[in-house]
Amino acid sequence: MGFKPIPAAVAVVLTLILWFIPAPEGVAPNAWHLLALFIGVIAGIIGKAMPIGAMAVLAMTIVALLQVTVPEMGADGKPIKNPSAQAAKDALSSLNSTLIWMIGIAIMISRGLLKTGLGTRIGYLFLSIFGKKTIGVAYSLALCDLLIAPVTPSNTARGGAIVHPIMKAIAASFDSDPEKGTQNKIGRYLALVNYHANIISCLIFVTATAPNPLAVDLIAKATDSKIHLSWGTWFTAMVVPGLVAMAVMPIILFFLYKPEITSTPDAPEMARTKLKEMGPMSKGEKIMLAVFVVLLLLWAGVPDMLFGVKVDATTTTFLGLSLLLLTGVLTWDDVLKEKGAWDTIVWFAALVMMATFLNKLGLIKWFSDMMGQQIQGMGLSWVVGCALLAVVYIYSHYMFASGTAHVTAMLGAFYAVGLHLGAPPMLFALILAASTGIMMSLTHYASGSSPVIYNSGYTTMGEWWIAGFVMSVVEILIFCTIGLLWWKTLGYW
């Protein structure tokens, strides 16, 4: 059998139950049916009914066969001429996504860091400085992400292509390898720290991830530019609660998934010895380092600042891979052998496609409007009402595979409802801005960096989701206490 019968049966039953429940008023039947398929696929992935890539192919096939993405009428008010062809095009549409290809190519580039030994060298350098305790290594990874976050608008590039290969090299130095079944030695813990540090950095800097500037724009439009979260305003508001979250995160994850190796007093000396054994940097390492610097400068937008030339983040990633292929640092066989990259492209494309069409078919707008009306009609104070709005906004991210799509679909509507309830405009703007970062901690498809780190195999899906939920609760508590007090001190409410 190509599937596990029990989890597959659970996924099918869930899908059928939702499928045959009549669509709520205001929801198109095909949108409701797509939701049923989406939930069924997620259930199948969680239950490991099939490998995640196989589940993705199955999802695309079913979407194409059942034509759930195709409306009854086209934009011209006439029936779609060839719904089968349109459905097939829709099912494969996300394979054209720049974000998805950026994720895949970033994984391929990381192979260069490992193949040349540069990642191992950087890993040993980290260990030589911070390696006496596992938690010290974790904090060094978090600091690395934090320091480059202000100038790396792609958290996928930062967490997946820059920090993650270093994390993998460190784990490998302790023989912590998913392929050997030794990921729990140290790799699982460091992978989770790698990811959650990436997300908390997104909270602190408006330029650390793509959804943040969009949130700023939507808030400004909703208030006729009266509330504008500039870079400085965002940083000032988020830095205190954000740094508190960054400080406690490695400790919480340490106790949640305690690594088998916790104390490594000999690691710094071992790392220094290994660095001596490696000797001077090889030609491949030097080329890899040069490409790495070029990528970082382009991701940071330096050509735009100096010469007014913008280079897209995905184009930058392709340039990096092309340079590695041209210089021979990587061969095409290396790229083909990077199974994790191709697997990620397929399964993430399927989830993004389904989530995108849930939005296009109006289900997300219906959900946003319905929740807003329900909360608004409950006669609650603005404090309770806005708290509910924020919680719904955060945890509805289970239905999204893109932070940008989530912000576009829901932030404006929820912000308008909060203002109508009487919330102070600046306060509620900051709450939703913080929520935009917090929601990206939840799942293995919650942001661009999540599939890169998850697909390296150090954690199971259950471990990832539990860690994501726990960290979301912790971050909510931090912002509801320290954050609110800090914003009060700043005079923001």
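Author: The model is predicted. The side chain of Glu 285 meets that of Arg 121 in a salt bridge, at 2.6 Å from N to O. Arg 121 lies in helix 6 (residues 118-130) and Glu 285 in helix 13 (residues 283-299), so the pair ties together parts 164 residues apart in sequence. Arg 121 is buried too, with a relative accessible area of 13%.

Next comes Asp 334 with Lys 115. Their side chains meet in a salt bridge, again with 2.6 Å from N to O. Asp 334 sits in helix 16 (residues 332-337) and Lys 115 in helix 5 (residues 98-116), so this pair ties together parts that are 219 residues apart in sequence. Asp 334 is buried at 11% relative accessibility. Lys 115 is partly exposed, with a relative accessible area of 44%.

A local pair follows. Glu 269 forms a salt bridge with Arg 272, and their closest N and O atoms are 3.5 Å apart. Both belong to helix 12 (residues 267-278); being three residues apart, they are separated by about one helical turn. Glu 269 is partly exposed at 47% relative accessibility. Arg 272 is partly exposed as well, with a relative accessible area of 37%.

Some salt bridges share partners: Asp 175, Lys 180 and Lys 185 are joined this way into one network. Across the whole structure, a search finds 10 salt bridges.

Technical notes
Residues are numbered from 1 along each chain as its sequence is written. This is a predicted model: local features need pLDDT of at least 70, side-chain atom pairs count only at pLDDT 80 or more; totals for chains, interfaces and linings use all residues. Side-chain values use heavy atoms; hydrogens and water are left out. A salt bridge is a side-chain nitrogen of Lys or Arg within 4 Å of a carboxyl oxygen of Asp or Glu. Helices (H or I, at least four residues) and strands (E, at least two) are DSSP runs, numbered from the N terminus. Buried means under 20% relative accessible area, exposed over 50%, partly exposed in between (1.4 Å probe, protein chains only).
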